[in-house]
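Please open the model in a viewer and display the chains in separate colours.

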2 protein chains.
Amino acid sequence: MEVTKRSYSSSANLGPGYDILSLAHKAFFDSVTVKKTGGAGIKIISDSTPENPENNSAGLSVMKILGDRGIKDGLEVRINKGVPIGLGLGSSGASSSASVKAVNELFELNMSPDEMVYYSMYGEIAACGSAHPDNVSSGIYGGLTLISSTSPVRVRKVKINYEMSLLLIIPYSHMEKKTQKARSMVPDKISMTDHVLHASRISTMLYGFMNGDRDAIREGMMDDIVEKSREALFPYYRQIREKAISENAISICVSGAGPSILIFTDENTKKNEIISNTDRIMKSYNVDYNIKETSILEDYDD
Amino acid sequence: MEVTKRSYSSSANLGPGYDILSLAHKAFFDSVTVKKTGGAGIKIISDSTPENPENNSAGLSVMKILGDRGIKDGLEVRINKGVPIGLGLGSSGASSSASVKAVNELFELNMSPDEMVYYSMYGEIAACGSAHPDNVSSGIYGGLTLISSTSPVRVRKVKINYEMSLLLIIPYSHMEKKTQKARSMVPDKISMTDHVLHASRISTMLYGFMNGDRDAIREGMMDDIVEKSREALFPYYRQIREKAISENAISICVSGAGPSILIFTDENTKKNEIISNTDRIMKSYNVDYNIKETSILEDYDD
């Protein structure tokens with residue numbers, strides 16, 4: 001018997017929600033297939049991720065589950081990567097969460113969603129040196145997730161009561177150990193004034209999503225701490241942002257640690273103008289990119 | 001013709017919502033009556049607040065409106081204080097917001113709620129040296145208010161989808177210039193870790209209020225920045241908190257800058273045990289206090 005599970009791409013942070021929020025979208029997905037080998041140990045089959053399970057985000061999550069549950073079976077873990085790696089789209093979280101869902105089903109472990117998030121977090125250690133649950137929570141819950149607590153893991157799914165589409169700008173600018181570098185750029189301390197401002201913004205943004213208040217989403221999704229400190233990683237962002245807002249995008253943010261950029265749109269948004277402005281700006285920075293129209297993945301119902 | 005308006009007591013902050021959130025309750029109210037005198041100038045009639053309009057929270061708000069609107073009429077402003085002064089219950093905000101509502105109606109100014117919040121803020125300068133809109137937003141909107149922006153003023157009213165009652169502990173410990181002192185005790189800088197933790201908590205708490213999720217309200221309403229830095233002003237708080245949580249209060253916080261304490265309860269809460277524990281603790285600190293059962297003021301519909 002084998003089990004295959006999918007997890008989709010996601011955008012962590014959403015402006016003021018650094019390490020707190022994440023949104024799943026249909027732009028890309030990973031699928032992971034697990035089956036018992038009859039032998040021992042974990043065998044990773046993948047053409048784009050490390051084959052040593054300890055260096056592989058899916059492998060590390062699977063090892064942790066098998067260890068905790070005392071499962072001795074050998075396992076083949078086949079990873080089909082669809083989410084581009086290292087572009088702020090939750091690629092490692094997609095592999096690890098898909099593998100956890102697959103192992104949960106194969107061994108009938110009946111894990112709660114938060115338990116699955118917990119195990120999926122282990123994959124993030126392989127990928128970026130620290131366990132954080134934002135992208136993996138998207139891979140387990142779908143939709144918009146709020147990390148209430150990391151230890152113990154406590155995730156809440158926020159219902160979005162506004163119809164919107166997404167434009168994803170995906171620059172092909174790869175960097176070694178990008179997530180570690182991006183995390184090290186964030187200041188250790190901030191002013192109380194900035195804290196109050198950004199706590200108000202995340203509150204306003206969540207109010208907007210839950211109440212379908214377009215203005216509140218737009219007013220809240222602004223960040224002058226994390227996005228600002230990392231601007232060197234995506235120097236085109238500020239210009240793209242200004243243009244997108246002036247063309248009536250609902251809002252815009254950096255996707256995860258970047259360099260990808262996520263734009264929220266509706267029927268009032270001049271999408272074509274945003275696309276052509278983006279093209280002009282990205283060319284002026286001499287950065288290859290792709291732009292993808294997509295939508296929120298609201299639920300995993302498989 | 002004269003116009004009389006009421007504003008109720010309120011609790012700002014609610015734990016992690018420092019300078020962002022405020023909740024109106026029915027425990028106390030101020031009423032303000034305004035009428036034209038036929039002469040010039042503003043005459044304050046009050047037995048417990050300053051009679052010089054510039055030192056009076058209602059007077060300062062009224063002066064600002066008349067100045068901005070070019071209104072030359074003389075005005076008598078009669079303030080009946082019901083909200084105790086200097087105990088963290090939004091007393092000055094109640095007087096100023098009631099006076100603004102009364103003047104708005106007397107002169108048929110048709111101000112928007114946020115405009116009324118803006119003018120009410122001026123009263124806070126008289127009372128505590130800085131203009132902040134949290135308590136006054138409760139006096140205008142009622143219910144639970146979220147300050148999205150202070151300049152321009154932008155307030156959102158958060159619908160609470162959970163039935164709850166309130167216990168208000170009101171210690172009679174007065175201090176000169178309490179609000180200024182309390183504000184000066186808050187640190188200028190905080191760690192990024194604390195920022196993320198508290199932004200997650202305010203998000204979780206708001207999620208809880210909006211979705212009627214009791215656990216989320218409880219998990220979110222915790223503060224280790226502002227309440228902690230001010231603990232010397234209400235040394236009994238930590239013990240009362242621990243007992244209230246162990247007796248299954250929904251949650252508990254310091255009301256505004258203190259010293260009053262607000263406890264959220266429902267039918268699962270052992271209210272009598274909390275009341276007797278509070279009595280024991282307050283006696284051990286030798287602090288006179290009153291305890292009042294009350295409820296949320298959801299709306300001003302007059």
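Throughout this tour, contact means heavy atoms within 4.5 Å. The model is a predicted one.

**The two sides of the interface.** Select the residues of chain A and chain B that touch: the contact takes 35 residues from chain B and 35 residues from chain A. Between them, the two chains bury about 2,800 Å², of which 62% lies on carbon and sulfur atoms. On the side of chain B, highlight B:R156, B:M192 and B:Y207, which lose the most area to chain A and together account for 22% of what that side buries.

**The symmetry.** Next, superpose the copies. A rotation of 180 degrees, with 0.0 Å of shift along its axis, places chain B on chain A with an RMSD of 0.0 Å. This is the relation of a two-fold axis. To locate the axis from chain B, select B:A199, whose C-alpha comes closest to it of the residues of that chain, at 2.5 Å. Because 100% of the interface residues of chain B are also interface residues in chain A, the copies meet through the same surface.

Now show side chains across the interface of chain B and chain A, where eight salt bridges are found. One of these links B:E219 to A:R156, with the closest N and O atoms 3.0 Å apart. Coloured by class instead, the side of chain B that touches chain A shows 18 nonpolar, eight polar and nine charged residues.

Select residues 189–191 in chain A, which form strand β8, together with β8(B): the two pair in the antiparallel sense over three bridges. Here A:K189 stands opposite B:S191.

**Within chain B.** Finally, move to β4(B), residues 75–80, which pairs in the antiparallel sense with β2(B), residues 21–36, over six bridges. In this pairing B:V34 stands opposite B:V77. Strand β3(B), residues 42–45, runs parallel to β4(B) and is joined to it by four bridges. There, B:I45 stands opposite B:R78.

Notes: Residues are numbered from 1 along each chain as its sequence is written. Chains are lettered from A and ligands numbered from 1 in the order in which they are written. This is a predicted model: local features need pLDDT of at least 70, side-chain atom pairs count only at pLDDT 80 or more; totals for chains, interfaces and linings use all residues. Side-chain values use heavy atoms; hydrogens and water are left out. Buried area is the accessible area (1.4 Å probe) that two parts lose on being put together, summed over both. A salt bridge is a side-chain nitrogen of Lys or Arg within 4 Å of a carboxyl oxygen of Asp or Glu. Ala, Val, Leu, Ile, Met, Phe, Trp, Tyr, Cys and Pro count as nonpolar, Asp, Glu, Lys and Arg as charged, and the others, Gly among them, as polar. Two strands pair if DSSP finds at least two bridges between them. Copies are superposed by least squares on the C-alpha atoms of residues with pLDDT of at least 70 in both.
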